[in-house]
Structures are given as C-alpha cells and as structure tokens.
Amino acid sequence: MNSYTYDSIEVGHKESFTVTVTEADMDRFREITGDINPLHKDSDYARERGYRDRVVFGMLTASYLSTLAGVYLPGEHSLIHSVNTKFSGTVYPGDTLTVEGTVTEKNDTFKLIIIKAVIYNGNREKVCKAQMQIGII
Amino acid sequence: MTREVIMEKVNEIFRDVFDDDELVITDSTNSDDIEDWDSLEHISLIISMEKEFGLKFDIKEVNKLENVGQMVDMIKDKLDEKQGL
C-alpha cells in the first residue's frame with residue numbers, strides 16, 4: 001500500500017494497477033448488493049439483448065476506484081469525498097481492467113486532491129471515467 | 001473590488017454549487033437556510049471562491065465563518081490586502 005502525504009503529491013502524479021474481474025467476483029457482488037438483474041446473471045438473456053455475455057455490474061467496475069484511492073493514490077491516508085462516474089463501455093467476466101488515476105488539482109486549504117480516473121478494458125477501450133475528490137488525512 | 005461586486009460573484013458561486021439559478025443569498029444566509037449546504041458542499045464553495053478571486057484561505061479562518069456576510073468580508077479583506085489597500 002502506498003502512503004503518500006499531501007506534500008509529497010504533485011499535480012500530474014499518476015498511479016495504476018490491473019485487475020481481472022472473475023465470475024466469483026460477480027457472484028460475491030450480487031450477494032452483497034442484492035442486485036439480481038438478469039443482465040448480470042443470465043448469459044442467454046444478455047445475448048438476446050446484443051451483448052456477447054452477461055455484463056459486469058458497472059458499480060463493481062467502479063468499486064476499483066476505491067482501491068485506486070485507498071491503496072494507490074494517495075493510499076493509506078485517503079478519505080474519498082466524492083466520485084462522479086460515467087460508464088462508457090461494457091465489461092465482461094474475465095476482462096482484465098487497467099485502473100489509472102492522475103492528480104489534476106490540489107487544494108492546500110483542505111488538503112485534498114482531485115483525481116481524473118480512467119478504467120480501460122484489455123483492448124485499451126475506456127469502460128469507466130471518473131472524477132474523484134479525495135481528502136488526505 | 002467593491003463589497004457589492006464580491007457579493008454578486010459569491011451569489012453566482014452559490015447558484016452554481018447548489019445548481020439553483022434562483023438562489024438569492026444575503027449577509028445573514030447560513031447553512032441552516034440551504035438544505036444541501038453540508039460539509040462537502042462547503043468545501044466546494046470555498047474552493048470555488050479561491051479560484052474565482054485568486055485567493056488562498058486558511059482553514060482556521062474558514063472554520064470560523066458563520067454566515068455569508070462573514071465569508072464576503074473575509075474575501076474583501078484578503079483582496080484589499082493583496083492590492084496593498
């Protein structure tokens with residue numbers, strides 16, 4: 001886990017990691033949230049609607065933004081204030097995602113950073129974009 | 001910059017942050033008067049003001065503010081100080 005302090009982070013600082021979304025992750029997410037929508041559960045249902053397989057929950061993809069802040073940027077001292085998210089592509093079970101975050105702004109008064117985050121699938125297509133405001137405690 | 005001009009700009013910031021084009025603030029407006037004015041929106045307000053007026057605030061000063069009037073006074077004092085007035 002990284003432990004960046006406010007003063008050690010500069011605008012432009014970038015961190016990234018990769019993660020593969022598994023069938024087991026899908027099942028656990030469904031169990032935790034109770035989101036039993038068939039688009040995320042039933043492959044035939046998803047294919048009938050034009051998808052090649054069942055679709056990974058957008059919020060499961062977005063949950064890796066928590067990891068980005070809490071483990072990588074800034075890491076240990078992170079306190080997420082807000083996350084504005086857009087889902088710009090489809091993620092399927094088995095996809096390996098690259099989660100990237102870049103510091104675009106710092107605020108000295110509140111010791112917080114603004115991060116532009118992008119999540120790419122294995123074909124380097126953007127599947128999720130976000131702006132995060134993170135306090136550094 | 002006159003206090004009236006600062007107040008107009010601050011009102012615009014409030015309208016933008018709270019997404020309410022009809023919002024009218026006065027010196028006595030405080031967080032009890034605007035339902036969505038919570039700690040996170042307070043941060044948004046202060047950051048927007050720092051950007052609009054090109055100022056840096058001190059967190060201790062910010063924490064003492066009790067209403068919009070005090071906010072505007074703080075901005076005016078800092079702008080006057082910056083201009084050597």
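## Chain interface and helix packing

Across the interface of chain A and chain B the rule finds 2 salt bridges, a salt bridge being a side-chain nitrogen of Lys or Arg within 4 Å of a carboxyl oxygen of Asp or Glu. B:K56 forms a salt bridge with A:D108, and the closest N and O atoms are 3.7 Å apart.

This is a predicted model, in which local features need pLDDT of at least 70 and side-chain atom pairs count only at pLDDT 80 or more, while totals for chains, interfaces and linings use all residues. Residues are numbered from 1 along each chain as its sequence is written, chains are lettered from A and ligands numbered from 1 in the order in which they are written, and side-chain values use heavy atoms, with hydrogens and water left out.

At the interface, 8 residues of chain A are in contact with 11 residues of chain B (contact means heavy atoms within 4.5 Å). The two chains bury about 850 Å² between them, 60% of it on carbon and sulfur atoms; buried area is the accessible area (1.4 Å probe) that two parts lose on being put together, summed over both. Of the area that chain A buries against chain B, A:H81, A:T109 and A:F110 supply 59%, more than any other three residues.

Axes are lines fitted to C-alpha atoms, for helices over the stretch in contact, and angles run from 0 to 180 degrees between N-to-C directions.

| Helix pair | Angle | Axis separation |
|---|---|---|
| α1(B) (residues 3-17) and α2(B) (residues 39-53) | about 135 degrees | 10 Å |
| α2(B) and α4(B) (residues 68-82) | about 25 degrees | 12 Å |

Two backbone features belong to chain A. A cis peptide bond joins A:L73 and A:P74, with omega about 10 degrees, and A:P74 is found in the loop between α3 (58-72) and β2 (78-87). A:K111 has a positive phi, near 50 degrees, and lies in the loop between β3 (96-107) and β4 (112-120). Most residues other than glycine have a negative phi, and most peptide bonds are trans.

Conventions: Helices (H or I, at least four residues) and strands (E, at least two) are DSSP runs, numbered from the N terminus.
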